Amino acid sequence: MNRPAKPRSRDSSTVHGALSGLRVVDLTGDAGRFATKLLTEMGADVVRVGTGAPGLPLADPAAAALGGVADWWYDGGKRRCPVDLSTPEGQDAYRRLALAADVVVETERPGRLAEAGIDYPDISAVNPALVQVSITPFGRTGPRAHWLGSDLVAAAMGGMMALTGLADRPLNVWGRQAYNYAGFVAATSGVAAALSARSTGRGAHLDLSIHETVTGSIENLFMQYFFDDLLPLPKVAPRQGALHWLGAYDLAQCRGGDGGYVMITPTPTPDLLFEWMIEVGPDESGREVKRWLGVDPADMLLDVVEVMDAVRRWIAPQDAHEVWWEAQERHVAFGGVLDIAEVCANPQFAHRGFFADVLPPGAAAANGSRVPDRAASGQPGPVRVPSRLVRWSDAGRSGTVPPSPPASIDTPLDEVLASWAAPPTEARNGGTGSLSGAVSTGNEGARRPLDGIRVADFTWVLAGPSATKLLGDLGADVIRIQSEERSTLVNSPDFPYYFVWNRSKRSATLDMKHPDALAAARRLIETCDVLIENFSAGVLDSWGLDWETVHEWNPRLVYVTMSGCGHDGPWRHVISYAPTVHAVCGITHLTNFADRGDVGPGFSLNDHLAGFAAAVSTVGALYARERTGEGQRIDMAQLEVGTYAIGAAIIRQSAGVLPPRPAGNRDGIADHVPNEVYATGDGFVAVTVTEPAQWLGLVGLLDDPRLDDPSLVTEAARRDRRTMIDAVLGEWAAGRTAAEAADALQGAGVPAGPVQSSHQLYADDPQHADRGFWQPVDHAVFGERTVDAFAGLWNGRRWTPRHLSPAYLGEHNFDVWADAGYSPEEIAEGIGDGLFR
């Protein structure tokens with residue numbers, strides 16, 4: 001690993017975003033639009049050559065010119081170039097674009113591009129540095145490669161709906177989160193591969209499976225399944241509403257049902273909650289919880305059912321918002337359930353400038369000022385959108401670009417090609433060689449895009465470790481830095497949770513309370529490219545590892561901080577675990593049935609979203625460093641990531657559309673009909689129709705006279721007759737098994753799939769089996785186990801894990817600290833005196 005180089009000078013007038021100069025062809029439908037949105041936000045020049053499914057029209061007549069919610073959310077800032085791949089002329093146009101591009105992101109059905117002679121092998125033969133990310137529902141190979149998908153089907157078949165909803169009512173998380181998962185992994189992988197291509201001149205092809213992405217990114221689903229011999233939990237994790245798998249988080253209703261809901265938990269310090277309950281009464285509450293005062297939190301979990309019941313009874317007469325805020329003041333991690341109007345009014349978001357108002361094309365006054373009042377002017381007014389995923393210290397030059405409306409006119413092909421035919425820029429072909437430390441393996445097929453990148457991992461629990469797990473899978477040398485004091489419960493190498501989320505890492509110990517700890521940390525950080533942490537705001541500052549100090553040590557370091565609400569603002573000290581964030585950011589409110597308010601996601605969705613967001617921002621900052629020679633600080637607020645993930649709801653709230661509200665499995669962005677889960681003889685099947693051809697296939701399969709209305713080929717007509725359509729499908733599905741129903745629907749060209757449990761995904765899923773997604777391993781602590789693989793094939797190859805999770809704390813101390821310049825004797829002495837412990 002090279003020592004940090006002196007930052008290079010830069011011309012700020014030509015730099016616009018971390019990915020400035022990256023040329024991207026966006027050939028995606030709805031499954032991939034989020035991936036290219038992320039690239040656009042970081043400054044890539046994204047040219048959209050395909051069209052996604054139409055978005056939900058904005059209902060306010062004065063805002064009709066705004067187009068669809070989906071277009072506003074996914075396509076703002078992209079250029080649009082019409083290309084019809086069904087014609088020879090369109091295929092030639094696509095070929096010319098791909099030959100000039102750095103990255104292609106596409107969602108075409110497997111085989112279509114190859115049939116036209118414009119797939120990755122065809123293009124890379126002429127453009128060897130090209131990176132192509134192919135996002136498909138199930139991957140390009142395997143017995144279900146031809147199956148059609150939707151976000152609902154992906155959530156059902158991948159495992160999300162095994163955990164979300166009620167026992168008899170599976171529920172999808174609002175906002176197309178299965179597609180968001182895949183988009184994050186696609187964007188992270190694409191940028192990492194483009195970064196590698198700048199050093200090696202060789203691109204790559206990623207066959208990314210949405211199915212694999214979802215299955216491998218659910219907190220406890222397979223921890224429980226693969227470690228049922230060690231955990232006092234059901235082997236097959238059930239749907240149980242908002243109740244967390246630990247039993248220590250749940251939604252409680254307040255004040256006779258009209259006082260709202262609160263996410264309750266005794267964590268992180270149960271005594272603070274119990275003392276509060278004793279202080280304010282009633283007396284029976286105090287008597288109930290006194291016996292748990294002073295009990296170790298791990299032991300308290302043995303009685304967690306009784307603890308949570310006592311908290312529910314105590315909170316029931318109170319007002320949700322009042323008790324939530326008093327809890328936070330007492331350092332108790334409650335979270336009030338907010339609707340989208342309340343989310344939009346969040347003072348923390350206002351302080352941090354999280355939202356931006358974007359004008360539609362032609363909606364500015366003659367002097368360029370914004371039209372302030374849509375109703376008064378009769379013109380479309382500004383649309384409020386989340387302005388960014390994370391906050392960058394160098395935002396204006398090497399971070400994100402301001403949000404823009406979707407393109408209102410097409411850009412001619414020749415104009416795109418002319419702009420991409422300019423002389424190569426430093427952003428595209430130059431750089432300072434961040435990957436120059438990579439050593440050839442002699443087997444280029446084994447090379448991974450982040451080989452040569454070193455990460456100092458100061459993370460814990462899930463959000464941070466999931467980020468560094470992805471970076472490690474992509475080839476980074478991730479050094480997980482812990483102390484014995486903080487390595488309890490899920491942060492301990494002898495706990496299954498740690499095994500699941502800490503593969504692809506080495507373990508080093510460092511006690512930051514030791515007088516020599518800061519000097520040791522400095523020596524390590526000076527060898528690293530990235531530092532990433534997810535402690536509460538201010539913890540690393542208290543250790544002397546604040547951004548300003550660390551940047552002085554290593555100007556090329558990318559410094560990623562993943563606090564709950566951000567390091568500034570009125571909510572900076574709010575305690576925010578994933579269930580709390582779900583409540584406060586709007587996800588819990590929307591992820592409910594119309595007649596319920598107490599469901600929400602059944603797993604730690606936002607921890608995964610935050611991990612993905614950290615990973616994509618990290619590779620974006622590394623890409624920018626190639627141009628600038630300098631690292632920067634990425635300030636992530638996990639609360640902002642949660643609201644960003646439902647950004648379409650913010651658009652609907654602000655743009656005159658019916659305010660978003662809980663509506664079960666309806667797609668809140670395009671409201672496809674059908675888009676629902678139906679009970680079968682042995683489970684449930686998810687069904688979506690997004691196109692006329694799919695509807696006609698469904699009508700032919702069901703052969704029911706109630707569907708023989710030609711007008712139903714339009715989605716608007718189907719929305720008006722949703723109840724009837726659901727009834728017909730429900731009756732049909734009830735007489736079949738879930739597998740039979742899914743097979744028949746897919747055979748008719750209709751996206752469908754069974755709601756699969758962990759057992760079905762492992763033992764009965766032919767796609768996972770055929771593609772080698774499950775891999776047997778032998779771990780030093782846990783013995784023979786199974787792990788999931790990275791969610792796709794790189795150049796047709798299935799990666800195997802380079803490292804399993806560390807077997808014990810400090811397993812790699814001698815290697816890691818030797819890289820930092822310590823002799824073996826110094827390392828041994830440091831272990832002995834508690835420095836490396």
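Helix α6 (residues 151–158) lies across β21, β22 and β23 and runs at about 20 degrees to β23; contact here means heavy atoms within 4.5 Å. Angles run from 0 to 180 degrees between N-to-C directions, with axes fitted to C-alpha atoms, for helices over the stretch in contact. Helices (H or I, at least four residues) and strands (E, at least two) are DSSP runs, numbered from the N terminus. This is a predicted model, in which local features need pLDDT of at least 70, side-chain atom pairs count only at pLDDT 80 or more, and totals for chains, interfaces and linings use all residues. Residues are numbered from 1 along each chain as its sequence is written, and side-chain values use heavy atoms, leaving out hydrogens and water.

As for the sheet itself, three strands make it up, open and antiparallel, in the order β21-β22-β23. Strands pair if DSSP finds at least two bridges between them. β21 (675–679) and β23 (752–754) sit at the edges with a single partner strand each, so one side of each has no neighbour in the sheet. From one strand to the next, the twist averages 20 degrees. β22 (residues 684–688) pairs with β23 over three bridges, in the antiparallel sense, and Val685 stands opposite Pro754 in β23.

Then there is a helix pair. The axes of α32 (residues 692–702) and α34 (residues 722–734) come within 11 Å and cross at roughly 50 degrees. The two are therefore oblique to each other (under 35 degrees counts as roughly parallel, over 145 as roughly antiparallel, 65 to 115 as roughly perpendicular, and the rest as oblique). Trp695, Leu698, Leu701 and Leu702 in α32 meet Ile725, Val728, Leu729 and Trp732 in α34.
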